[in-house]
Amino acid sequence: MSAQPTRRAVLGASLALAGTGALAACAGRGTASDHSAMNHGAPAGTTPPEGYVDPAGPEVVAAERRRGTGPERKVSLTATATRLDLGGGRTVSSWAYGDRLPGKEVRVTAGDTLALTLANHLPQSTSMHWHGLALRNDMDGVPGLTQRAVEPGADFTYRFTVPDPGTYWFHPHSGVQLDRGLYAPLIVDDPREPLSYDKEWVVVLDDWLDGVDGSTPDAVLDELTGGNGGHSGHAMPATPSAAGGPSRMLMGATSELLGGDAGDVAYPYYLVNGRTGDDPSVFTAAPGDRIRLRIINAGGDTAFRIALGGHRMTVTHTDGFPVRHTGTDALLLGMGERYDVLVTAGDGVFPLTALAEGKDAATMALLRTGGGTAPKASARPKELDGELVTADRLAPDASVALAAGEPDRTVRIRLTGSMEAYDWAFDGKPYTADQRHPVQAGERVRMEFRNPTAMWHPVHLHGHTFALAGGAAGARKDTAIVLPRQSLTVDFDADNPGLWMLHCHNLYHAEAGMMTVVGYRS
């Protein structure tokens, strides 16, 4: 690697440019062959309005300094075109981090400094978003807002302090690349872990179409939008194969749990840890083992109802943050949501079944603790129809409960659009990078989401966790479902300055325009 600019030099350059809205990637490192200089300027096509915190400005630097600097954990990943084995003799051409699905888990300890170098060997520019982390704004990975995209042939180092333990994940925030194989778990260990367990099982759920009969996510977006493509401001140009493949538009899928329409996209496969249910991944343990499952929904358009046959689960965390332990038979995860649960393993072979909610399909993995015949992929454990605890029924652990207090500011957002027009947006305004919902550092902010549409939407706020139910009584989350014709109120403390995306985590809704920006006033 060639000689690199010092951290002090890069920070100095970013502060000097802050008045022009430059988005300096303060911790970026380049190689001799990359375009790293492009990552140290304002994103193309955007001029941040005056009066707002710059993503690499002094407020962001000061917030990172308060987090401290722990041991540095260096990781290298390559985004590349590859062949992926989905099991059952099915291989597809797609994009992934390396040659595995999901990508290799990244594991650090809370307080560590993560320095992850992303090498882009794709034919498109890309990026990396750290879903759920309250990290420094210029490392959040949103092209056109917090950084310039990582161009083909370039690399970029994301370097930041990892503040909170929990179950997280990372993926691109570039067009519909997430609906390929570009995702992986990020597990942040607690140096003072209060839970006691024998084994840990990281479970990543996904819906899959890329490379199947010529399908691509780009072609699906074009079909859904009537050929208009994405309106997000960072949608990617279609690849040469984007025009191929059968129709993937889904009509008539309904779910009582989701309040009606279940989704827009008919996926040919559903995966647990990169495998289909007829050739599933297998987790081995011993009878009586106490197992912590970290469950992540990395899907593009599918909610999953999940249960472990023959077992009851104890929910311990949602979206990385602890809750009062609550028993359940099943869970419902919208896209981007995570749950941690504890189970005590029985003796035998048990299906971990994930229903594609409302889509008349399912997948599974297996827990094997002894002999016996593995259940078939068609197995539907009775727990799927048992007690199902939703996020609104969870209470935060006292250690993470939001302090009681009245909001200093209320932000009201209306979810708009329809399946017919595919004009998803907030307040009827498709996303542009200069949108701002202003907040001030130190405020308690209340957000009120009203959803008059016929579709459910998993809403995700970058860089923060909020409390459900508009106060201290609610579980802490960063992604929450807003059901059709209903409202959701959440509170958060404005303690992480920058420009932060707020969007629906249905990938195709977001790319149609259902995104906006929460901006800190300077």
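Strand E26 (residues 457-461) is largely enclosed by the rest of the structure, because five of its five residues are buried. Buried means under 20% relative accessible area, exposed over 50%, and partly exposed in between (1.4 Å probe, protein chains only). This is a predicted model: local features need pLDDT of at least 70, side-chain atom pairs count only at pLDDT 80 or more, and totals for chains, interfaces and linings use all residues. Residues are numbered from 1 along each chain as its sequence is written, and side-chain values use heavy atoms, with hydrogens and water left out.

**Strands**

Helices (H or I, at least four residues) and strands (E, at least two) are DSSP runs, numbered from the N terminus. Two strands pair if DSSP finds at least two bridges between them. In a regular strand the side chains alternate between the two faces of the sheet. In E26, His 457, Val 459 and Leu 461 point one way. Pro 458 and His 460 point the other way.

E26 pairs antiparallel with strand E29 (residues 479-482) over four bridges. Val 459 stands opposite Ala 480 in E29. E26 also pairs antiparallel with strand E31 (residues 499-504), over three bridges. Here His 460 stands opposite His 503 in E31.

An open sheet of six strands runs in the order E23-E22-E25-E30-E27-E28, with mixed pairing. Its edge strands, E23 (425-426) and E28 (476-477), each pair on one side only. Eight bridges join E25 (residues 444-451) to E30 (residues 486-493), and the two run antiparallel. Arg 446 stands opposite Asp 491 in E30.

**Helix H2**

Helix H2 (residues 58-67) has Val 60, Val 61, Ala 63 and Glu 64 as its buried residues. Seen down the axis, they fall within an arc of 160° (taken from the directions from the helix axis to the C-beta atoms), so they line one face of the helix. Arg 65 and Arg 66 are exposed on the other side of H2. Gly 68 follows H2, with a positive phi near 85°.

**Two loop residues**

Asn 273 lies in the loop between strands E12 (269-272) and E13 (282-284). Asn 273 is buried, at 16% relative accessible area. A polar atom of its side chain lies 3.1 Å from the backbone oxygen of Val 202. A polar atom of the Asn 273 side chain also lies 2.8 Å from the backbone nitrogen of Val 204.

Gly 513 is found in the loop between helix H4 (507-512) and strand E32 (515-520). Gly 513 is buried, with a relative accessible area of 0%. Its C-alpha atom is separated by 4.8 Å from that of Tyr 431, 82 residues apart along the chain.

**Aromatic rings**

A search of the whole structure finds nine aromatic pairs. Rings of Phe, Tyr and Trp (its six-membered ring) pair if their centres lie within 6.5 Å; planes under 30 degrees apart count as stacked, over 60 as edge-to-face and the rest as tilted. Two of the pairs are tabulated.

| Pair | Centre distance | Plane angle | Class |
|---|---|---|---|
| Trp 130 and Phe 170 | 5.2 Å | 45° | tilted |
| Phe 156 and Tyr 158 | 4.7 Å | 80° | edge-to-face |

Trp 130 lies in strand E5 (residues 129-131) and Phe 170 in strand E7 (residues 166-171), so the pair ties together parts that are 40 residues apart in sequence. Tyr 97, Trp 130, Phe 156, Tyr 158, Phe 160 and Phe 170 form one aromatic cluster.

How values were computed: Polar contact = N/O pair within 3.5 Å; in protein donor to acceptor, adjacent residues only side chain to side chain.
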